[in-house]
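Subject: Structure for you to look at

Hello,

Here is the structure I said I would pass on. Please open it first, then read the notes under it.

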Number of protein chains: 4
Amino acid sequence: MNVELLSHKLQEFATQRNWDKYHTPKNLVMALAGEAGELLELFQWLTDEESQPNQLSSITRAKVEAELADVCLYLIRLADKLSINLEDVCHQKILVNEEKYPIHLSRNNAIKYNRRDE
Amino acid sequence: MNVELLSHKLQEFATQRNWDKYHTPKNLVMALAGEAGELLELFQWLTDEESQPNQLSSITRAKVEAELADVCLYLIRLADKLSINLEDVCHQKILVNEEKYPIHLSRNNAIKYNRRDE
Amino acid sequence: MNVELLSHKLQEFATQRNWDKYHTPKNLVMALAGEAGELLELFQWLTDEESQPNQLSSITRAKVEAELADVCLYLIRLADKLSINLEDVCHQKILVNEEKYPIHLSRNNAIKYNRRDE
Amino acid sequence: MNVELLSHKLQEFATQRNWDKYHTPKNLVMALAGEAGELLELFQWLTDEESQPNQLSSITRAKVEAELADVCLYLIRLADKLSINLEDVCHQKILVNEEKYPIHLSRNNAIKYNRRDE
């Protein structure tokens, strides 16, 4: 994914509309979480089975694609505004998670390591 | 960003821990929104000013990076499970937004076109 | 539920700590959504079955109670700051929903009336 | 607020439409968080100033009332399904918060006690 190109397009989009003033990190975080909320609404009454890709109607699938795009675009915009390299922090986080959830302790158990004894 | 590599790493991570059973699209949507919630918590009491990158303490910045990574990783995992190409849907969505918010009608006004008359 | 008493206690709590400046409607909305995110995290890997009250461990139940309280307290605080009577708007919304989802059209189908034809 | 009456009305509403099967705690948590997301969208581009009640347009105010009602109704429904007494857990949580944020340590500082040293 060419994140730089997408960041650039989003910056251009905002500049043309004089929307940069709205795009503070705080506001972008709200917008990102708001779009995640729309994604929740698409899945909230579905069973796990019905949420599988081969079970989604084409209309629902189109909506899911649009919401995933919204989340992704706000994420890219936010990272750009904060000068955070998404790819770098993702790889770092995977390393952190590998330490946090050692294979032998985590098999079949998605509960966080620090809640494992509860 | 090499989304394919990250998708592959996430799939491997889940397989090694036998976590695939947890990673239904529905559950991943919840996890994504939960991480967006953690991002909200980092910014909720900050002013717009304080949310700017040069104002964040190094500790807060590290937390923001970790939460952005979590959102990004769940987004990539979800897209993978739904066979959605994130880059494609992002570019499509930008085109949709360009129609939805024509420059001459949207300058200085981030309100959605269909709410503009309210 | 004595909402007035709770509102009063929350106001007092904020005043004593000089936190009123943080409690703008915008910030309280973020805090409310952040707490809803924590609730998501408690339920995200549970099956529908496991999310039933008789299946929750006592530790998870205590966490769920604490998160429900957090959501409720921010909701009350926000309504207080906006001078909105929660009970009134709830009763109004039920009336709206009764029109929106007529019984004969909505049986077994939780999809919104305006998406019913899709 | 007569929470029992509202719980009863919501149960009746669900029973008449045969929607009880959708109302698992897990799904209700998603619905609650989805409504919180809609609230975010109403406030995301407003300044703190503009989010004050005397600044909201009557149309925005009506939308905010409707979203607050949605959050409140799902909260009441969820608490009912989990047999949690909202009023009780709210009062308990205030006591917890009073210990967690002692007045002399928390004045002018909304950061959580356990992050105060950062």
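Where in chain B is the place of Asn18(B)? Asn18(B) sits in the loop that joins helix H1 (3-17) to helix H2 (25-43) of chain B. Before going further, note that this is a predicted model, and that the values below are computed from it.

**The loop residue**

Asn18(B) is not a glycine, yet its phi is positive, near 60 degrees. Asn18(B) has 14 within 10 Å, so it is partly exposed.

Asn18(D) is found in the loop between helix H1 (3-17) and helix H2 (25-43) of chain D. Its phi is about 55 degrees, a positive value in a residue that is not a glycine. Asn18(D) has 14 C-beta neighbours inside 10 Å and therefore counts as partly exposed.

**Chain A as a whole**

What is chain A built from? It has five helices and zero strands, which gives the pattern α-α-α-α-α when read along the sequence. The C-alpha atoms of chain A fill a box of roughly 50 × 35 × 25 Å along the principal axes. The radius of gyration of chain A is 18 Å, whereas a compact globule of 118 residues would have one near 13 Å. Of the 118 residues in chain A, 41% count as buried. If you take the contacts in chain A with a separation of 6 or more, 72% are between residues 24 or more positions apart.

**Where chain B touches chain A**

How many residues does each chain give to this contact? Chain B gives 56 residues and chain A gives 55. On the side of chain B that touches chain A, the elements giving two or more residues are H1, H2, helix H3 (58-81), helix H4 (86-100) and helix H5 (103-106) of chain B. The largest share comes from H3(B), with 12 residues. By residue type, this side of chain B divides into 35 nonpolar, 12 polar and nine charged residues.

Regards

Notes
Residues numbered from 1 in each chain as written. Chains lettered and ligands numbered in written order. Predicted model: local features only at pLDDT ≥ 70, side-chain atom pairs only at ≥ 80, totals over all residues. Helix = DSSP H or I, 4+ residues; strand = E, 2+ residues; numbered from the N terminus. Rg over C-alpha atoms; globule rule 2.2 N^0.38 Å. Buried ≥ 20, exposed ≤ 12 C-beta atoms within 10 Å, placed from the backbone. Contact = placed C-beta atoms within 7 Å. Nonpolar A, V, L, I, M, F, W, Y, C, P; charged D, E, K, R; others polar.
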